[in-house]
Amino acid sequence: MKQRVKQMVLNAARTAHAAGVLASDDFPDIILEEPKTGAHGDLATNFAMAGAAAQKMAPRKIAEAVAEHITDPDGLIEKTEIAGPGFINFFIRPSAWLPVIHEIHQQDRAYGAENLGDGQKVQVEFVSANPTGPLHIGHGRGAVVGDSIAALLDFCGYRVEREYYINDAGRQILTLGRSVYLRCCQLAGQNVEFPEDAYQGDYIKDIARSVIAEKGQSLFDMPRNKAEKELAGQAAEQILAGIRQDLENLGVCFDRWYSEQSLYDAGKVEAAIAFLRQKDLIYEREGALWFCATAFGDEKDRVVVRQNGQTTYFASDIAYHLEKYQRGYDRVVDVWGADHHGYVPRLTAAISAMGRQSNQFTVILTQLVNLLRKGRPVSMSTRAGQFVTLSDVVSEVGRDAARFIFLTRHHESPLDFDLEVAKAKTNDNPVYYVQYVHARISSICKKAADENPDVQKSPEPADLQRLSEAEEIALIKKMGKYPEVLSGAAALMEPHRIAYYLMDLAALFHAYYNKHRVLTDDTQLSKARLHLVVAVQKVIRNGLKLLGVSTPEIM
């Protein structure tokens, strides 16, 4: 509807200019907004104010000229009004919204899709938690945000691949091996101190118990450094298996699990440093190698090889992202926790040094999740290794509730996640509120089939002109906005927009259902209303699918 009204405004302005009413054909972009109150119409534009300088006219005069020259061959507009300094308000004829229902039924599962990507190849890398402990609820939010972004981009014409980067090299893996070894020593009765910088969680003790059961005394017969190295690999593999299972339980699957260690094994870290050296972007100072990050907007240059010859994490990140583009991705999206915000400028600088454009690399930062129970914080201590795992949360509230609630706030805003709300079978639970619409409409369809067969079996198409109630038009208008919401969510990579939209649509349906019967004694009216609510069901289904949430028939 917006595009059609935009074209009408543009055509009217051109006609007014040709008639000599408007002096200039230098027209501003036409922006249509939805007024906050229905008294101001369905759509409004500030076109007249934006074009006043070019036209050298008062905005109200411009608005009057445009309004007078509008042609409406399809009869979309009921009336126009000039308001305030020169806003043009459009009141759309209620019947003009009815084709939306036909469009939804015709396009079905494809409704709302736009080919924004045109086949561009995009990689979305997310979660990528170190395999040194189980996932926590913050990882879960990043997982759902990343997975939903990937689904949105895929639906909007991109070729998307999901990737998990396994940080299986470096100090944290060595610390993991040392932590397990020391717990093994304690289980074997040795009096050893367990340092604070080791991994504290009970999962380390569980791994140590399995190691003792398998290896026994032979573990202590080998040199300690060798034992710790073996335990590091064994523990990381065991923890990673748990991470995979936790993510699958959340409905998140990856196309590729990429090992950081493989970059070193294949010589790709050294190759990346050599690549930047050839471009004179690596220099030596005080025995270390530095990347010229300031040349690309970072606040300071960054070390890639330390004085002792060891490469930094940044060096492997450069190699990893260089390798991503070498694999043929047109665009790379990384989803990180908010605590990595300081890392964005340096990696962006490295991407620029590779010759890539700013629109080829995007970092999504997800803020913290505050876990609550009945409004009270759930106490957690990461240092002591005492925290509620993602697995605990999903087991308690279920996949659907976890995924949907993670998307009820913008990813840049902190999120309160109340376990009791997530489990509630009430309208306070946002996923229940939305899913119940789908189930309610399934129940209506079943009742129609059982008790009103004429409604579904009648050969005539539904007479949608019978849909004239204000609540019916509000539902149709809202469904007509779905493609715009979808394209905006994909372009901005903000899947929470879909969750917001679905909650709004659910609210409109509940209001309609509480006021009007769908199945009435009037067969044609019932048929039209059934056609309407099934369209609502399809939009709910499509939106929930993009968020990875199920659509139950019975609740």
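## Basis of the model

The model is predicted: local features need pLDDT of at least 70 and side-chain atom pairs count only at pLDDT 80 or more, while totals for chains, interfaces and linings use all residues. Residues are numbered from 1 along each chain as its sequence is written, and side-chain values use heavy atoms, with hydrogens and water left out.

## Helix α7 against α8

Helices (DSSP runs of H or I, at least four residues) and strands (E, at least two) are numbered from the N terminus. Helix α7 covers residues 171-187 and helix α8 residues 202-215; they pack at an angle of about 65°, with axes 8 Å apart. Axes are lines fitted to C-alpha atoms, for helices over the stretch in contact, and angles run from 0 to 180 degrees between N-to-C directions. The two helices are therefore roughly perpendicular (angles of 65 to 115 degrees).

In this contact (heavy atoms within 4.5 Å), residues of α7 including Leu176, Val180 and Leu187 meet residues of α8, among them Ile204, Ile207 and Val211. By class, the contact of α7 with α8 has 9 nonpolar, 1 polar and 3 charged residues. Nonpolar means Ala, Val, Leu, Ile, Met, Phe, Trp, Tyr, Cys and Pro; charged means Asp, Glu, Lys and Arg; the others, Gly among them, are polar.

## Helix α7 against α10

Helix α10 spans residues 224-249, and its axis comes within 7 Å of that of α7, crossing at roughly 105°. This pair is therefore also roughly perpendicular.

From α7, residues including Ile173, Gly177 and Tyr181 meet residues of α10 such as Ala227, Leu231 and Ile239. The residues of this contact divide into 11 nonpolar, 1 polar and 3 charged.

## Pocket and cavity

Both kinds of space are found on a 1 Å grid over the protein atoms alone: a cavity is a set of points where a 1.4 Å probe fits but cannot get out, and a pocket is an open set with protein on both sides within 12 Å along at least five of seven lines; lining residues have an atom within 4 Å of a point. Points are joined across faces, edges and corners, and a volume is the space filled by probe spheres set on them.

The second largest pocket holds about 950 Å³. Of its 39 lining residues, Met1, Trp97, Lys477, Gly480 and Lys481 lie nearest the centre. Helix α20 gives the largest share of the lining, 6 residues. The largest cavity holds about 30 Å³, and Leu22, Phe27, Pro28, Phe47, Gly51, Gln55 and Ile62 line it.

Technical notes:
Angles under 35 degrees count as roughly parallel, over 145 as roughly antiparallel, 65 to 115 as roughly perpendicular and the rest as oblique.
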